[in-house]
Amino acid sequence: MAYRKVGDGQGGPLVGEVLQCAAELGVDWELDKEEELQGDKQGLDRMQLQNAEHQRPGCTDPGPDPELMEPIQPSVSVSPHGRFERLQEDPNYISHFTRAPGHKGQRRPHCVLIRYLLAGLGLFFLGFLIGRFAHAPAVRPAVPPSDSSDMLEALLRGITADKIKALQRSLVSLSDDGEETRARYLYRQWVGLGLTDVRLSSHTVLLSLPGPAPNTVTDRSSHRCFLPSGTPCDQRGPNKTSGQQSSYAAYSAVGSLEAEAVDVQYGSLEDLRRGSEGVNLTDRIALLKLGRAPLLYKLSQLTEWGFRGALLYVDPCDAPPDRDVQHQAFAMTLNPGGDPSAPGRSGGEEAVGSLTSLLVQPISASLAKRLLSSPSTDRGDGCTPLAAPSTAERKRITLSVGNQWAYKKIFNLVGHLHGKRNPDRYVLVGSQHDSSQGGGASAIMTQLIATMTEQTKHGWTPDRTTVFCSWGGSALGNIGSFQWGEDNRVVLQSSAVAYVSLNSPVRGTETLRATASPSLLQLTSDIQRRQLLSCMRGGNCPGPNVSSLQLPGDVSFFANRLAVPTVEFAFEQTKAEEAATFLSEAQFSAQSPESLDPLYKFHETIAKMTVEAILRLVNDPVLPFYPLDIALDVQNKLKGSVASPSALLSSASSLRERAAFFQSETMRPANDPKERDPSHVRMLNDVLRDLEKSFVVPRPPPGVYGNLLYSLPGKTPQFSILRFPPGGGSWRGAADLEATPRGNQSLPLIAGAIQSAERLVCFGLALFENDPADRKAPSRFT
């Protein structure tokens, strides 16, 4: 491959005049030598282009035969780092420049004056420097660390469990635990720590809140009324009113419905068929388990089958061992994101705030067991899932939902740590300040700000700008992050580099889980592996657990709508079974950070891993994104699908080949500082950042990401739109779904995404054909 280096510096007017004078003082060219030089230079350019054609894979060649593709690892693929040798100057290049003896008579008077002027300026600056250092103070300012490893060590030393614990206690000690009070308190802290452009904004949005009386379920056969937790309505104590009212589904329809309750298990096609045997499902109430599929998708299927209500519960066999679901109901939101009253959204005053036609109510497992007439699950040989016996008579119940809607203010807090070389490239760091769900996220965020701003006081300046964000309205559908993202969509689409999430960072103590988009899997795995070497379990540490699963929380807008590469570290306490997936949609009463992590060691670990990711993203000259991991992820998902045609497999193989070559080339500016032309590296980083944008499809199914690179949990990697097709249709098994026309309609969307990504990779490869200063910028359009 031809790659020609040119100097970064360019002379100004004064330098040009000196060079002109030097030419007039004796540098003469022979015309015949100049003609010979031009001829040789054209031949050399032709030779370079021919070499580039032979060494770089063509972006218009057909992909390799799918039968000849390399074997693919079934686990998460992490690509190797690109390596290459330094470029050498061409040894066959012979200079044709000759100098002729100069003649003193050719000198001009103004050239002599320039020489004296330059000499005088040199003496002046020399005297200035001598005087400055002679009177310099004895105490020198702190010198920033010399390289990124020293800077990382300095940042890690500034993060301690005691500091995070003190910050969390200061938040808990606030007299008013409302969102506005917490947001204003964080604002004062961030400003005091030295962040610039700290802005506290408010937005008036439509919220769905519990009504004045709790929602109820009445068994018509026994005429007994129950609260969502399973407690009889007549045994409700006055001190339990607020707790019972928090068990509701935000943005559900309101009203009262009397109908038969039908067991539909997890709401799959097979479950719905079994539930419909001998009964018409129209106007019935479904008893639906959480898990195995997005709730919004399952509710859309219940609507298609004619249901008018749904009682949601968590099966004790699916719940984590430390979670009491027997006698505890929960809250949840049916809002996919943003303000329901915003223009273009369903809801608002016309639909009285509801986002579904179903009456939806979460209940405890004990109440579900009563309504199902299910046998006892207390057995010594294992857990028996809740299910209605085949001989049991369906109960007729009355479901009353009395949610209410109100326009209220939510608050977003955003502060900047500005970069030096690329201040218009933003690394977003987000958390929520909702007291009920945020846990220790606000304390960790404030600690990150404190340790990073402390280093800036010692002279360190990041390359890119870090934007710290604390969101409001997260529990009701990530309203704050959606609102801010929509308001700044144009800027974020062109300037956002990555999103680092702190969504409920410590929600258990059993499993350290890292979730990242495919382009950041390599970085995330490296960080997790290094941190686990010194974990707090005395050597009994779990291995790296990294995946690209669909993320809950405020990260949704940035990963799904803008396709910004994302990363999140969190401690969890949950089963690794498929049935336990999507249980995070249920919002149980949050445990305090003190009870989960009394020593705050888990919080400290998450903070250190997060600050390392931030440092790499704001400081690495070439962004730590690995396009080969994206290509491997796409190929693995297609290999796991029996419906993938050979042409699509060939296209994925071609993307993999070119992504591997592109990844090795992207390391060139990082390996050789002499090749770090700022404009070149900037264009290269934009290509690496934008590669994920190729995989966003329009109108995904409800509850499923439109970003194809994020997958739903399962034993076999698969594109979500193949498992849950867009445009309706019932949830089916993989083999059944892929044989349907709707499953096949999703394949063109995948093919278009692969072709778009391949064109962008070709654009990136074109950056290495010649130096950017000597050619026109490559076009992204073909």
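Q: Hi! Which handedness does the crossing have where H5 passes H6?
A: Right-handed, going by this predicted model.

Q: Which residues make that contact?
A: From H5 come Leu 167, Ser 170 and Leu 171, while H6 brings Arg 182, Tyr 185, Leu 186 and Gln 189. By type, the contact of H5 with H6 has 4 nonpolar, 2 polar and 1 charged residues.

Q: And at what angle do the axes cross?
A: Roughly 140 degrees, with the axes of H5 (residues 161-172) and H6 (residues 179-193) coming within 11 Å.

Q: Why do H5 and H6 count as oblique, then?
A: Angles over 145 degrees would count as roughly antiparallel. The axes cross at roughly 140 degrees, so H5 and H6 are oblique to each other.

Q: Switching to the sheet: what's the strand order?
A: It's an open sheet of 7 strands, E3-E2-E10-E5-E6-E7-E9, with mixed pairing.

Q: Which strands stand at the edges?
A: E3 (224-226) and E9 do; each has a single partner strand, so one side of each has no neighbour in the sheet.

Q: How are E7 and E9 joined, and do they run parallel or antiparallel?
A: Parallel, with 4 bridges between them.

Q: Nice. Where does H9 lie?
A: H9 lies across E6, E7 and E9, at about 155 degrees to E6.

Q: Which of its residues are buried?
A: In H9 (residues 295-304), those are Leu 295, Tyr 297, Lys 298, Leu 299, Gln 301 and Leu 302. Their cover includes helix H8 (269-275) and strand E8 (332-333), among others.

Q: What follows H9?
A: Gly 306, with a positive phi near 100 degrees.

Definitions and conventions. Residues numbered from 1 in each chain as written. Predicted model: local features only at pLDDT ≥ 70, side-chain atom pairs only at ≥ 80, totals over all residues. Heavy atoms only, no water. Buried < 20%, exposed > 50% of the residue type's maximum accessible area, 1.4 Å probe, protein only. Helix = DSSP H or I, 4+ residues; strand = E, 2+ residues; numbered from the N terminus. Contact = heavy atoms within 4.5 Å. Axes fitted to C-alpha atoms, helices over the stretch in contact; angles between N-to-C directions. Parallel < 35°, antiparallel > 145°, perpendicular 65-115°, else oblique. Left-handed = near helix turned anticlockwise from the far one by under 90°. Nonpolar A, V, L, I, M, F, W, Y, C, P; charged D, E, K, R; others polar. Pairing = 2+ DSSP bridges.
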